[in-house]
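The following note sets out some points for a colleague reading this entry. It moves from a sheet to the nonpolar cores, and then to a helix and a loop residue.

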Amino acid sequence: EARAGLGDAVREVLERKERGEGFGRVLAPLADLIDADEVTAASVETALGATLEALVVETVGDLPTAEEIASLPGRVAFVPISRLGSTPRRQVLDTVGMFGQQVVPMRALVRARDVEAVLNPERVEALLDRLLGETYLVPDLDAALLLAGGPLAGRRLVTRDGCVLEPDGRIIAGPVGGGETGESSGVLQQRGELARLETELATVRTQRHAAREELARVDTEAAALNDTMAGLRKQLAMGQRLLAGETAKLDRLVSEGERLERERGSLAGETQHTAQRLDKIETDRKQLQERADRLERLHAEEETRATEAQRALDAIQTERDAMAERLSAARVDVSRLGEQAAAARRDLNRATIDRDEVERQQRDLAAQIERAAERAAGYEQEIAEARQQAEQARADAQRLEGEVEQAREKLKACEAEVTRLAERVNEARAHAQHIERDWHSLEVSRREIEVKRENLEDRTGEELALDLPVEYAGYRAMMDDEEHGERVARVCVDEAAAQIDMLRAEIKKLGNVNLDSIEEEQTLAERNEELIGQVADIDEAKEQLTALIEKLNGVCRERFGESFARIQAEFGGQQGMFRKLFGGGRAEVRLMPLVKVVETDEGPKKVETGETDLLESGIEIIAKPPGKEPRSISQLSGGEKTMTAVALLLSIFRSKPSCFCVLDEVDAALDEANVGRYIEVVREYTDRSHFIVITHNKRTMQAVDRLYGVTMQERGVSTRVTVKLEQTRAGKPTPLSETPTSLGEIPTPLNEAGETPTPLEKVESNGAAPSGKPSLRKALASLREEQAVEAE
């Protein structure tokens, strides 16, 4: 950290000097021997430049050797303190008398540090005189240029903003840390900042020490308070345990009382709500009664006028029956509402009874609380008795602990004896298991030998037709016959077994004799010829299919390439659909690189090759709406995705138009501005295709040529409505009962209260005569006109 700001080569020299690997006559970097105020440190660093990290030596003879210089990792500057030859010195100008405080000698802004262990400060001052004696600090570059051509000609001038005007006319400008001389930039500033921070750190440490002492005192007091609190908490815990049981019981009783109080409040609220419902039901019943009376008067008037319209008797009779059915339904509703009112009254009576029951329960709870207080006093007396019993129990416990300790010692002795006996039993069991294993091994070996003997007897009987048990006696007699003075030579079992195995192998080589082998050979030859012909046919078909596939691939590549190029131009070109819909921006449809599976040490791994194939590569859409960065379509918002998809669809339409196109709520995620662009673009394509648009957007409805809607003016009855907007725009009558107030909107008549009328109210409003009396004839005529329009 002490060498921060020095170059790598300088740090390498200093480290090698510390390790004793050369450069022993190097004293220190110049930056370690000088100091400056924090305000003027930047100007001093600018004036010295790369010299600030130069290494100081006593004389020219103390420079490093040629081998040491050759081993340097970079450029290093060496400054000898003793002058080389005699250099004439110019007269030091009195800048204060000539220019005031505007021009300042740089030598006055820097001083030697007190580092007598390394170098005498007076010699450092002499070195600074030589380095900065001809350097002056001026306000700016313009003043430097003027002074360089006048009284300060031949001097080195440094501006306060970091520019340097050399005596030979060179101007060095720019940030201090950005050029070749910027490696040591900030060393003096960092040192001043470090000194200031060390002072602040000492102050903070003093404050921290005082705070720690205060904290230690507070901790001592807190420990004493904690001890006191611990004693008090023990006493409090004992008292709390005594009262915990009764307090819990009392809390349960209080909670039960509160619950009953809440239930009483909720019952009062329900009672009030029920009364409000009864009032509302009564009001609805009166309205329905008035409506029924009005319908009865209408029915009576129509019956009176029925004699004047004999030709329309059938239609009027049908309407009257319908009105009668509606009247009956209304009367049924009135009866049902009456039953609901009676049920509400019964609920009210039930709520009153429940309220009385709650009051009774509250009285019972009060009595229970009094009894609980009496029981609490009894419990306190029992607690005192329990304390005496606890003292007696403690004395008994101490006595029993002594007896338990004696029993434990006896138990330990018994456990040691049991452990010793258990070890002996385990050793005996292990010995018995070993003997049992050996006996089982011998038994298995004996059984295997018996099985081998039985197998040999069976094989001898099967292969040699010898009964060994019968022939064995004769065999032994022959082998032991010594009457003739000679014994029968024994047969070598190994040689005999080898000869037997050889003979068996030769017999197996002969195999079974197949009499039909010649015919089978002929059949196989014919089958072979047939398979050879089939293989030739398959090879020929393979070549034809390969040629066909290559031809199809070529045609597909050619056609797909042409179509893809057209779609790219129509979608992302300067006049493409994307720019039309978004009002600018940029988009691109491109092929995705192929991905291949490569076997690695970790298993199969997918690798992107960077190659593309018209038939194998996927398609990627990159969109850049106005004011945004390019991104994949999956990263766009809902509206941007919709507009991009519509642009791509219409670009494909330009390449290959279709007769019909269905757009299902495409404009759901679009704002008003984008809906307008969407409508304009779709309108451009209506001369090529028919668009069926499903939408809830009024602006889209206004732009269509024909509007189809499904409405439910009566509950459970759906009606299809058709509007030819061309006729509406031309001022022709629409097939509806009323002309729409705005393009694409189908108004529904409102009643006097401003609400949507019921089916009965619609009949009244549609059939009202100019004189203010209802006219059923006009209502029927209007209904026939609507049915005729729907039929068209």
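1. Basis. The model is a predicted one, and the points below should be read accordingly.

2. The open sheet. Three elements, in the order β1-β3-β4, make up an open sheet of 3 strands with mixed pairing. Its edges are β1 (28–29) and β4 (78–80), each of which pairs on one side only. Strand β3 (residues 55–57) runs parallel to β4 and is joined to β4 by 3 bridges. Within this pair, Leu-55 stands opposite Phe-78 of β4.

3. The largest nonpolar core. This core holds 29 residues, and those that touch the most other members are Leu-33, Ile-34, Val-44, Val-56, Met-106 and Val-124. Two or more residues each are given by β2 (34–36), α2 (41–48), β6 (110–112) and α5 (121–132). Helix α5 supplies the largest share, with 4 residues.

4. Val-124 in its surroundings. Leaving aside residues up to four places away in sequence, Val-124 is in contact with Leu-33, Ile-34, Ala-112 and Leu-119. Both Leu-33 and Ile-34 are also listed with Val-124 among the core residues that touch the most other members.

5. Helix α14. What length should this helix have? Its 13 residues (672–684), at 1.5 Å a residue, should span 18 Å, and the 19 Å between its end C-alpha atoms agrees with that expectation.

6. Burial of α14. The buried residues of this helix are Asn-674, Val-675, Gly-676, Tyr-678, Ile-679, Val-681 and Val-682. An α-helix has 3.6 residues a turn, so residues three or four places apart point the same way. Cover for the buried residues of α14 comes from elements including α12 (577–582), α13 (638–655), β16 (660–664), β17 and α15.

7. Asn-697. This residue lies in the loop between β17 (690–694) and α15 (698–703). Is Asn-697 buried or exposed? Its relative accessibility is 16%, so Asn-697 counts as buried, the cut-off for that class being under 20%. The side chain of Asn-697 reaches the backbone nitrogen of Arg-699 at 2.9 Å.

Methods:
Residues numbered from 1 in each chain as written. Predicted model: local features only at pLDDT ≥ 70, side-chain atom pairs only at ≥ 80, totals over all residues. Heavy atoms only, no water. Buried < 20%, exposed > 50% of the residue type's maximum accessible area, 1.4 Å probe, protein only. Polar contact = N/O pair within 3.5 Å; in protein donor to acceptor, adjacent residues only side chain to side chain. Pairing = 2+ DSSP bridges. Core = buried A, V, L, I, M, F, W, Y, C linked by side-chain atoms within 4.5 Å. Contact = heavy atoms within 4.5 Å. Expected span 1.5 Å × (residues − 1).
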